[in-house]
Amino acid sequence: MNRYYVDLHIHIGRTWTGKPVKITGAKTLTFTNIIEHARHEKGLNMVGIIDSHSPEVIQEMESLIESGEVFEHPEGGLVFGDLTVIPGSELEIYDEGCNGPIHLLCYFPNLSVMRDFSMWLSGHLKNIQLSSQRIYVTGRVLQKKVKELGGIFIPAHVFTPFKSLYGKGVNKSLTEVLDPELIDGIELGLSSNTEMADQIKELHQYTFVTNSDAHSLAKIAREYQVIAMEQPTFLELQRALKGEDDRKIIANYGLDPYLGKYHKTVCAECHNPATDDDQICTLCGSKKIIKGVADRILELKTAEKRREDRPPYVHQVPLEFIPGLGPKLLEKLVNHFGSEMAILHEVPYEALHEVVPPKIADLIMKAREGKVNLAAGGGGKYGKIAD
């Protein structure tokens, strides 16, 4: 088996003609820019671009195939050099079984199937051009359609306080809104990790994935996984999620939950720490308290032990979180060592020290080893390195 770096949740901000797709996404997040940046700057081997249902995005993919820059692999996936793109879609459901909206990820093997899915979607939502649109069918109907088309179905960032399965979508169990047999994996999100998620017994049957949910080029690969596959294709990804024939996730790499935007319970107005029972902020008097992921998981806890055969979850600090490592210095590092993956995993201290100041080289090594001090995030505000 070979090892591949994989990030399966990257948004498109704009089409190639400048039309918005993900409203909150950067204008530089076009399909072409994403694949070039993911391949040449980040050093990824597989990406999931989850706004590929948008008709102009489909046109851009078709154009790249016609020009010969991209080709479709027989086992699924769009190949751009040593990078494979898995076309996907993030959708929002809010059916009668939900307490709040839930985001879901759907992936497909090729452009033909994505076109079929896009046409089906256009009859069930208001604006087919945009990302994360509310789809007016139930979660189970969506699951069945994805499976009918041979796709992969994964609930997105399942613990975030807004627009997620456990954050607010269900009371206790995913069975309230989804068919557990038609789920291929669980995306943890930036404020949780394997140990936290495995406190929920019904999740023990699923593979956990860690993805960036990138809304800008810089955020690509802030979380990712290393997957053992024979080659980076859609079919091999499907098999790895099922753990078939030595295909598997070798390790999840993600933010320490303390760095996530929603780890702790805080006041929505002033971000003062709050408890799960607070109805009003003790500092500013606001009545809007945002429950943190850690408290929500404790509320849902049904298991005392994690699944023993889980791959390691490595707490890794993205390079953009390193104090003093600005865009120009980061660009210098990438140009020198080839990619962010190389810097994060392979480059020895002595080599880093030759390119960046000792303090930054020290922090990169500490971050690689999980030895940095962190201040927890919450209420939509990221945590930070406290050194």
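What percentage of the 387 residues of the protein chain count as buried? The figure is 59%, where buried means under 20% relative accessible area, exposed over 50% and partly exposed in between, with a 1.4 Å probe and protein chains only.

Before you click further, a word on the model. This is a predicted model, in which local features need pLDDT of at least 70 and side-chain atom pairs count only at pLDDT 80 or more, while totals for chains, interfaces and linings use all residues. Residues are numbered from 1 along each chain as its sequence is written, and side-chain values use heavy atoms, with hydrogens and water left out.

**Whole chain**

Start with a cartoon view: the protein chain has twelve helices and 16 strands, taken as DSSP runs (helices H or I, at least four residues; strands E, at least two) numbered from the N terminus. Its radius of gyration is 20 Å, close to the 21 Å from the globule rule for 387 residues, so the chain is as compact as a globular protein of that length. That radius is taken over C-alpha atoms, and the rule is 2.2 Å times the number of residues to the power 0.38. Along the principal axes, the C-alpha atoms fill a box of roughly 55 × 55 × 45 Å.

**The cores**

Next, select Phe117, Leu142, Tyr166 and Leu203, the residues with the most contacts inside the largest nonpolar core, which has 102 residues. Such a core is a set of buried Ala, Val, Leu, Ile, Met, Phe, Trp, Tyr and Cys residues joined through side-chain atoms within 4.5 Å. Zoom in on Leu142: leaving aside neighbours within four places in sequence, its contacts (heavy atoms within 4.5 Å) include Leu91, Ile93, Phe117, Trp120 and Phe153. Then show Val6, Met46, Ile50 and Leu105, which are among the residues of a second, separate core of 19 residues.

**A buried glutamate**

Move to helix α2 (residues 55-67) and pick Glu56. Glu56 is buried, with a relative accessible area of 10%. Beyond its neighbours within four places in sequence, Glu56 is in contact with Thr15, Trp16, Thr17, Lys19 and Gln129.

Most residues other than glycine have a negative phi. His157 has a positive phi, near 25°, and is buried at 9% relative accessibility.

Finish at Asp246, in the loop between α7 (234-242) and β11 (248-254). Phi of Asp246 is also positive, near 70°, but Asp246 counts as exposed, at 59% relative accessibility.
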